[in-house]
Amino acid sequence: MGVTKGEQYFLDKIRQGNEQAWSEFIGRYRGRLLRFAQAKLPQRADAEDVIQDTFIAFLNSIARFRGECDVETYL
């Protein structure tokens, strides 16, 4: 399954440098990613660091993201 229309909207806006779209994107995925990380890491601060690193890595790789899977899976 590839990206949804909603995900594609965010990707396009983020690629254009739209800060509002980036903020909304983080808001959309942060909670789920944090729950996943907290299940693996004992300290919340460590989970928060991993999530921050994940978003930075995503932003750095967004030009190479081809949409062959949904965004949450990619993250």
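Reader: By about how many degrees does helix 2 bend at R30?

Author: The model is predicted, with local features requiring pLDDT of at least 70 and side-chain atom pairs pLDDT 80 or more, while totals for chains, interfaces and linings use all residues. Residues are numbered from 1 along each chain as its sequence is written, and side-chain values use heavy atoms, without hydrogens and water. Helices are DSSP runs of H or I with at least four residues, numbered from the N terminus, and a bend is the angle between axes fitted to the seven residues ending at a residue and the seven starting there. At R30, the bend of helix 2 is about 40 degrees.

Reader: Where do the buried residues of helix 3 lie around its axis?

Author: A47, I51, T54, F55, F58 and S61 are buried in helix 3 (under 20% relative accessible area, with exposed over 50% and partly exposed in between; 1.4 Å probe, protein chains only). Seen down the axis, these residues fall within an arc of 135 degrees, taken from the directions from the helix axis to the C-beta atoms. They therefore line one face of the helix.

Reader: Which exposed residues does helix 3 carry on the face turned away from its buried side?

Author: The buried residues of helix 3 pack against helix 1 (5-15), helix 2 (19-40) and helix 4 (71-74), where contact means heavy atoms within 4.5 Å. The face turned away from that buried side carries A45, D53 and N60.

Technical notes:
Helix = DSSP H or I, 4+ residues; strand = E, 2+ residues; numbered from the N terminus.
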